[in-house]
Amino acid sequence: MSSEAQDKSGVSRRDFLNIAAFGAAIVSALGMLAGMFRMFKANVHYEESLKFKIGKPETFPSGMSRKIDDKNLFVLSDEGGIYAITAICQHLGCTVFATEWGYQCPCHGSRYDKDGNVIGGPAPRALPWYEITQGADGNLIVDASKEVAKGTKYKFS
Amino acid sequence: MNVNQSGLDKFKENILSLGRSFTESYLRSGKPTSDKSRTAAIVNNFFLHVQGAKTHINTLRPTYTLGLGLISLFLLIITIVSGVLLMIYYNPSIENAYNSVKDINYVVFAGKLMRNIHKWGGEGMIITVLLHMARVFYTSSYKKGREFNWIVGIMLLILTFGINLSGYMLPWDQLSYWALLIVANIIQSPKELTDSLGITGLFDIGAFSKEIFLGGLNAGKEALTRVYLLHIMLLPLFLFIFLGVHFWRIRKDGGLTKPDIYEPKPWDSNLMSVPDKKGGIFPTNKTYGLMELAHGRTPAVDKDVENSVLSWPNLLVAELAVFVATLAGVVVYAFFIDAPLKELANPLIPENPAKAPWYFLGLQELLSYSAFMGGVGLPGIALLGLALIPYLDREQDYVGTWFSNRQGKLVALQALVVGTIVNIGLLVFTVNFGWFRSWWPKVPQLLITLINPGNIWVGFMIVWSLWVIKKTGSTRMGAIALFTMFVVSYVIFTMMGTLFRGPNWDFFWSTSQWPVH
C-alpha cells in the first residue's frame, strides 16, 4: 500500500475491508449470543395472577386483620378503611409473621412496625402497600403489581 | 511363522495368543518393565499423558501437596458416578421431585447410601478445594507463569460452590425451597443499591436477573427446571472445561512447583524406585531429552533429571493410594451420616431459622447486615481480590516453600491472631449493640449498605495488609496477611452462622436455648 493512499483517507482499502469483514462477523456473533441469552427470559409466565379477589367489603369489618396465606398478604381494616400490606420480607423474600408490635421475618431478623416501616434488621425498604379496587360483582380485588403510598386506605360500600 | 502351517493352524495360534496380542496392541511399547517402556506407558496413554513421564520427588512428598488437588479430583469423579446413578430415579418436577428423592432414600436399593455419597462427596469438594487453594497460596505456587492458572482455579472454586448450591435445591424439600427463594432474592439484591440511588426505574437489573434465574416471578416449576439444568449440564460442562485447562497448564508449567534449590531428604529414597536403563536408546546414564534441556540452565549430561523419578510406578501408586483413601473415607462417612431431607417444600411456612447450606452460612451472616453487600458486593470483592493476588504480588522468591520464610510464618501467625480477635470482637459488638438501625431507626439504607460490620471487616483486612506491605517492604507478606485473614473470617463467619444463630437470626449460645415454636 502506498503512503499516498494512507495520507488521503487514513485507512487503506484493504484495511477497511478487513475491519468491515471482521466487524460484521463479530457483530453477528454477538447478535446470536444475545438471541441465545434472550431465550432465558420467558415470554409468558404460567403463574398465578398478581391480581386476585379477596372477598366482599363487609367481610373486613373495622379493626380486623387477616393473613391470606396463599397470597402472602395481610388485609387490615380500621376506621380509615381497608388496606393491604404484603407479607413478603423485602430483605430476601421470606414470609413475615404478625406480632404485637408489627411484623417479624424469621430468616434474617428484619422487623417492621404495623405500617410496614423497617424498625430493625437488614431489610432495605418498607413492606409495600397494594392497590385495592372493587369489581363489578362487589368483590374486592388486590393488585400485587401496583404499589400505593403508605397510608392509602380504601372505603367501599 | 512357519510357511508350512495351514490356515487353520494359524487361526488356532491366533486364538491361543489372543490375550498376549491384545495386551501388546494396547500397550504398544511392551510391558512397563524398563525405564523406556515405563516412560512409554505414560506418554502413549491418553488418560495418563497429561502427567509427565517423570515426576519431581518434591511432588511426591505428602507434606508438600497434602494430596488436596488430587482428593478434589477423586471426589469429583465419585460425585459424578453417584450423581449419574441418582439420575436413574430422580424426577425434576415440583410434583415428583420430593417423592423421587424419598424413593431414593427409602425404596431404591442402596439409594440412601448413594445419595449420601453424592452429597458428602460434593460438600467434601468444597473443603478440599478451599484447602487446595490455601496450599497453593502458602507455597507461592501462583507465581512464575502460573498466574493465569490461579484464576482458572478461582473459577473452579466458584463452580464447585455453584454445583453444590444448585444440587441443594433439587430435592424440593423445605431446605431446597427456601434456599432457592433466598438465592433468587440475593440475585435481586442489586435493587437495594439501585433503590438507594433512585435509578431502579431506569433499568431494574435486580428484578431482571431474578426473573432470568427463576424463569418467572416465583420459585416454581420453571425455576426447578433451570436449577436442574445448571446442576447436571451447564455448571459441570464449564467445570470440565476449566479443569482440563487447569491440568493442561500445570503440565505445561513443568509439573507442580518445587523449591529452586532442592535438597533430597533421606526419607525421599522411599519414594524412588531404582533407575533401570536397559532397553533405552543410550547404553549409559545419559539423558539428552529436549524436554529436559528446555527448562534448565545447563544440559544434564550423564545424570538423570535432577531429583526426579519415573511417574510409572512412583506417581501412579501414590495416586492410587490417595484414591482408595478418598473413596473409603467418603463411603464410611456416608454410611454413618445421612444427608438431610426435610418436609415437602411449603411456600407458606418458612423454616425458622431458614439457614442456607453450611458453606454459605458465613455469607448469610453478612447478608443479615445488608443483602446487597453480603450477597453480591463483599463476595464479589473477595473473589476479585483472590483472583488479583498473583498480579498484585509479583515477587518471584521462595516459590515452592511453605510460608516463604521465617518472616512469612510470623506474618501469617500475626494475621491469624489479630484477625481472629478483631473478627470476633466485631461480631460480639454487633450482637450486643446492634447496628445503625437499632440506634437511629430512620437511618437511610444507603448508609447501612456502605457502612456495616461486613464492610468494616473487609476494610480492616485491606488496611492491615497494606500496613504489612509498608512495614515489611514485601508484597508477598501483604498477600500472606490478606489471605490468612480471608481464611480466618470465612471460618469464623461460617461458625457464627452455623452454631450461634437461631430463630429470627438471633444469637444463641447453643441450639438447646432455641425457643420452642
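The secondary structure of chain B in this predicted model comprises 22 helices and two strands, where helices (H or I, at least four residues) and strands (E, at least two) are DSSP runs numbered from the N terminus. Residues are numbered from 1 along each chain as its sequence is written, and chains are lettered from A and ligands numbered from 1 in the order in which they are written. Because the model is predicted, local features need pLDDT of at least 70 and side-chain atom pairs count only at pLDDT 80 or more, whereas totals for chains, interfaces and linings use all residues.

The C-alpha trace of chain B spans about 100 × 65 × 50 Å along its principal axes. Of its 517 residues, 39% count as buried; a residue is buried if 20 or more other C-beta atoms lie within 10 Å of its own, exposed if 12 or fewer, and partly exposed in between, with C-beta atoms placed from the backbone. Among the contacts in chain B with a separation of 6 or more, 74% join residues 24 or more positions apart. Two residues are in contact if their C-beta atoms, placed from the backbone, lie within 7 Å.

Chain B is assigned domain 1 (53–259 + 291–351) and domain 2 (357–517), with bounds that come from an automatic or database domain assignment. The centres of these two domains, taken over C-alpha atoms, are separated by 23 Å. At their interface, 31 residues of domain 1 of chain B are in contact with 26 residues of domain 2 of chain B. The elements giving two or more residues to the domain 1 side are helices H8 (111–138), H9 (147–168), H10 (174–187) and H11 (190–197) of chain B. H9(B) supplies the largest share of that side, nine residues. By class, the domain 1 side holds 17 nonpolar, eight polar and six charged residues; Ala, Val, Leu, Ile, Met, Phe, Trp, Tyr, Cys and Pro count as nonpolar, Asp, Glu, Lys and Arg as charged, and the others, Gly among them, as polar.

The 28 residues of H8(B) should span 40 Å at 1.5 Å a residue, and the end C-alpha atoms of this helix are 40 Å apart, which agrees. The expected span is 1.5 Å times one less than the number of residues. H8(B) is followed by Ser140(B), whose phi is positive, near 55 degrees.

Between the chains, 22 residues of chain A are in contact with 33 residues of chain B.

Chain A averages a pLDDT of 87, and 94% of the residues score at least 70; pLDDT is the predictor's confidence in each residue, from 0 to 100. Within chain A, confidence is lowest in helix H1 (residues 3–9), at a mean of 55, and highest in helix H2 (residues 13–38), at 94. Where pLDDT is low, the predicted coordinates should not be read in detail.
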